[in-house]
Amino acid sequence: MQTVHSTHDMLLIALYAFLGAAAVGLLGAGTLWLIRRRSLTVSLAVVAAVAVTAMLAGTLAVAWAMFLSSHDLGVVTTVVAMAAVVSLATALLLGRWVVARSRALTLAARSFGDGGDFAAPDGAATAELAALSRELQATSAKLAESRDRERALESSRRELVAWISHDLRTPLAGLRAMSEALEDGVAADPDRYLRQIRTEVERLNDMVGDLFELSRIHAGTLALSPSRISLYDLVGDALAGADPLAREYGVRLVGDRIEPVPVEVDGKEMSRVLGNLLVNAIRRTPADGTVAVAAERSDTGVVLSVTDGCGGIPEEDLPRVFDTGWRGTHARTPPAGAGLGLAIVRGIVEAHQGQAAVHNVPGGCRFEVTLPTARA
């Protein structure tokens, strides 16, 4: 019987304590909602005050229900008041520390938002603030890379516009002069003028075609129709197409290291890649020089290389060889083209999930195209 009475008393104590604490908790939740836009220090102070006040409210409710003596109630109230002072002081210190770290993080974030680099504030931080700092640092690095890439693209675009303007102005001026000579009847050899006009028109047509191809690559609209092709056949066709130009420049074409490796590529686009590389190599190789083509397997896939006898490329220019509009020094500038051939090569190769690279070799340089091996 005594056990039942004791259990009943404990349930009543728990009920009164819960009701008193719940009333304070609801009041505290409302307060937190009202000050949700205020400083974290204020919120922490409210949380500490709610915890202590809830305990005090529960104690007072139990004391009132159980008719505790005023002495016992005074003792309990004093203990709770001291706990409240310590809790509030701790909450305020913690809040001020977190707010200070947050402000330092805000200032650091503002610096890279204005175009600088993010530097994490010194000192310890909470796990959440440390994670946020790492994310901001990673974002800052990505933004820096993006800015560098944007500056490089803008520089390439300016160079491209300058080269295109120059290359268009020269043939157009020649076409105008020849057409005026034919119109006025002062051309000594009209047939030669007509042939020259045709040559210039074809040159302009090639430039416009390169620009259109490059615009499709940059816009991501280059549609590929891959099929299984042997590199032996692909290289053979490219060598046959480049043979007349090689004879004109007095350059020997060598293609005796071609493995019959199957690849899944767009035959038309890859023929353009090989054609651009061969034309580039032939025009930069002196007469009686050799342009060698090779195709072989490697650990990374299939490597197709074109080696010329240009004498090499300055090391500082190697990273820019595949940039749009790049044509190197005046001595290496070919008589035709707008510096788009190698940019098109890289775009088509990357569209095939491959890589294009260039290396200096004794007497010249080697352009390498790495393609994935065809699936069995």
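# Exercises on a predicted model

The second largest pocket holds about 320 Å³ of space. The model is a predicted one, in which local features need pLDDT of at least 70 and side-chain atom pairs count only at pLDDT 80 or more, while totals for chains, interfaces and linings use all residues. Residues are numbered from 1 along each chain as its sequence is written, and side-chain values use heavy atoms, with hydrogens and water left out.

## Exercise 1: the pocket

Describe the lining of the second largest pocket, by residue and by element.

Solution. Begin with the terms: on a 1 Å grid over the protein atoms alone, a pocket is an open set of points with protein on both sides within 12 Å along at least five of seven lines, and lining residues have an atom within 4 Å of a point. The volume is the space filled by probe spheres set on the points. Next, list the lining, which has 14 residues, with Leu153, His218, Asp323, Thr324 and Arg346 lying nearest the centre of the pocket. The elements that give two or more residues to this lining are α4 (127-184), α5 and α8, where helices are DSSP runs of H or I with at least four residues and strands are runs of E with at least two, numbered from the N terminus. Finally, sort the lining by class, which gives 6 nonpolar, 4 polar and 4 charged residues; Asp, Glu, Lys and Arg count as charged, and Gly is among the polar ones.

## Exercise 2: helix α8

Work out which residues of helix α8 are buried and which elements they pack against.

Solution. Buried means under 20% relative accessible area, exposed over 50%, and partly exposed in between, with a 1.4 Å probe and protein chains only. In α8 (residues 341-351), the buried residues are Leu342, Ala343, Ile344, Val345, Gly347, Ile348 and Val349. These buried residues pack against α5 (190-219), α7 (267-284), β6 (355-361) and β7 (364-371). After the helix comes Gln353, whose phi is positive, near 65°.

## Exercise 3: salt bridges

Explain how Arg198 and Glu202 are placed to pair, and then compare the setting of Asp243 and Arg247.

Solution. A salt bridge needs a side-chain nitrogen of Lys or Arg within 4 Å of a carboxyl oxygen of Asp or Glu, and by this rule there are 6 of them. Arg198 and Glu202 form one at 3.3 Å, N to O; they stand 4 residues apart in helix α5, about one helical turn. An α-helix has 3.6 residues a turn, so residues three or four places apart point the same way. Arg198 is exposed at 58% relative accessibility, whereas Glu202 is partly exposed at 40%. Asp243 and Arg247 likewise lie 4 residues apart, in helix α6 (residues 231-249), and their closest N and O atoms are 2.8 Å apart. Here Asp243 is partly exposed at 28%, and Arg247 is exposed at 65%. Salt bridges with shared partners also join Glu213, Arg216, Glu269 and Arg272 into one network.

Conventions:
Contact = heavy atoms within 4.5 Å. 1 Å grid on protein atoms, 1.4 Å probe; cavity = no way out; pocket = protein on both sides within 12 Å on 5 of 7 lines; lining within 4 Å.
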